[in-house]
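The sequence and the model are shown first, and the notes follow by topic.

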Amino acid sequence: MLDVSVIRKDFPILDRQVHGKPLVYFDNAATSQTPKQVVSAISDYYFGYNSNIHRGVHRLSQEATDAYEQARIKMQHHFNAAHAHEIILTSGTTHSINLVAHGFGALLKKGDEIIVSALEHHSNIVPWQMLCERTGAQLKVIPMMENGSLDLEAYGQLLNENTQLVFCNHVSNALGTVNPIEKIIDMAHGVNAVVLIDGAQAAPHIQADVQALDVDFYTVSAHKMCGPTGVGLLYGKESWLRKLPPYQGGGEMIAEVSFEKTTYADLPHKFEAGTPNIAGGIAFGAALDYMHTIGFKAIAEYEQELLDYATEQLSAIDGLRIYGTQHPKTAVISFNLEGVHPYDVGTILDQLGIAVRTGHHCAQPIMDFYQIPGTVRASFSFYNTKAEIDALVDGVKRAKMMLQ
Ligand code: PMP
């Protein structure tokens, strides 16, 4: 059982007011709030041992290197990677995906096929389109269905011996629906295709086990799971990370450099050119520690309770439609009021101190499927309360009265 009133003390921002009303923060799928423990990890670094890593013999550099590499080990354990060097620290999911897409530029040829799902965030569409332009490979799309699930039968028909890569998110950011990635991975491996799962939206709610999933690549952004912005990770199976060429050239990623020839450093450094976000990486480790002290099981149970409560209350509002009704779902509700633009609902909610996201959520193909300009998305976290959901429901009723 979570003690939310105790947990909320770790998040001073939750005490602030917006437009004279208590803040109700329901934009967690865009970025989560940051607890004191994670901010302390950042200030401890800058005030106590700020130094560049991996290259200094002096004490501060060693302390910083240890803390950074300890954080990598926390990430390895959390996602159950076989080796710490299979965890590449990046600036986030977008960077992680581009790193893989860039690498496959050297491995694909004309006639190869790449499959993405219709539920993708733009960051899991555009890099593959760019890869297709560079290589002459062809992009195919797993269609979605009315309830927000993927059409696995159609997926089965898209797979063939030309399929080289399959990309899918673990959880849709626009709808919150959880995709059957175990099945998607198995089916792809049936034709020897490589699979990248975008775990940006799953990681705050579900502890993925990359070995049990047998996934080739998995991506995460720290800022969606109580960590800071500008840091994330790419998990890659060692065999694939060895095959991919480096993404960026620079310091840290080399073994030896001469003007005739450069040899690259071993994993993970081959993919970590330049000075990284050191404080961010350490704080990402602190965010994982923080979430584990609360417990992923307890978090998932409590968030489901919030989801069920909010779904019941919002569904009772006449003319309100929820998109993505498939289960399982994480604690996200994407909805519209009939005949009302989502932006107008979001603006009224903001006046009441309630932060939701409105628009296409960087997933325009989903909006095109439903033939809508966007949705209002309320996304919950373990520090939210039922009283806050009551405030949202009252706010939506008020918006309906004013706008419909
Ligand atoms: N994929 C999904 C499913 C997301 O929700 C997001 C963030 N909205 C991203 C990728 C991109 O993450 P970032 O901006 O942290 O790189």
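How many bridges join S8 to strand S9 (residues 217-221)? There are 3 bridges, and the two strands run parallel. The model is predicted.

- Between S7 and S8 the chain passes through helix H7 (residues 181-190), making a right-handed β-α-β crossover.
- Leu196 stands opposite Phe167, and Leu196 also stands opposite Phe217 in S9.

**Nonpolar cores**

- Nonpolar side chains tend to be buried together in soluble globular proteins.
- The largest nonpolar core has 110 residues, of which Tyr218 and Phe382 touch the most other members.
- Helix H10 (residues 278-294) gives the largest share of this core, 11 residues.
- This core lies between domain 1 (4-28 + 295-403) and domain 2 (39-292), because both domains give residues to the core.
- Leaving aside neighbours within four places in sequence, Tyr218 is in contact with residues including Phe79, His170, Ile197, Leu233 and Tyr235.
- Another core, of 24 residues, lies apart from the largest one, and its members include Leu131, Val194, Leu234 and Trp240.

**The open sheet and its helices**

- An open sheet is formed by 4 strands in the order S13-S14-S17-S16, with antiparallel pairing.
- Strand S13 (320-323) and strand S16 (357-359) are the edge strands, each pairing on one side only.
- From one strand to the next, the twist averages 30°.
- Strand S14 (residues 332-337) pairs with strand S17 (residues 375-379) over 4 bridges in the antiparallel sense.
- Phe335 has Val376 in S17 as its bridge partner.
- Helix H14 (residues 386-403) packs on the sheet and touches S13, S14 and S17, with a direction about 15° from that of S14.
- Helix H11 (residues 296-315) lies across S13 and S14 and runs at about 10° to S14.

**Cis peptide bonds**

- The peptide bond from Leu267 to Pro268 is cis, with omega near 0°.
- Pro268 is placed in the loop between strand S12 (262-264) and H10.
- His327 and Pro328 are also joined by a cis peptide bond, with omega about 0°.
- Pro328 belongs to the loop between S13 and S14.

- Asp214 is not a glycine, yet its phi is positive, at about 60°.
- The loop between helix H8 (210-213) and S9 holds Asp214.
- The relative accessible area of Asp214 is 37%, so this residue is partly exposed.
- Cys226, another residue other than glycine, has a positive phi near 75°.
- Cys226 lies in the loop between S9 and strand S10 (232-236).
- Cys226 counts as buried because its relative accessibility is 2%, and buried means under 20%.

Definitions and conventions
Residues numbered from 1 in each chain as written. Predicted model: local features only at pLDDT ≥ 70, side-chain atom pairs only at ≥ 80, totals over all residues. Heavy atoms only, no water. Pairing = 2+ DSSP bridges. Axes fitted to C-alpha atoms, helices over the stretch in contact; angles between N-to-C directions. Contact = heavy atoms within 4.5 Å. Right-handed = clockwise from strand over helix to strand, strands pointing away. Core = buried A, V, L, I, M, F, W, Y, C linked by side-chain atoms within 4.5 Å. Buried < 20%, exposed > 50% of the residue type's maximum accessible area, 1.4 Å probe, protein only. Domains from an automatic or database assignment.
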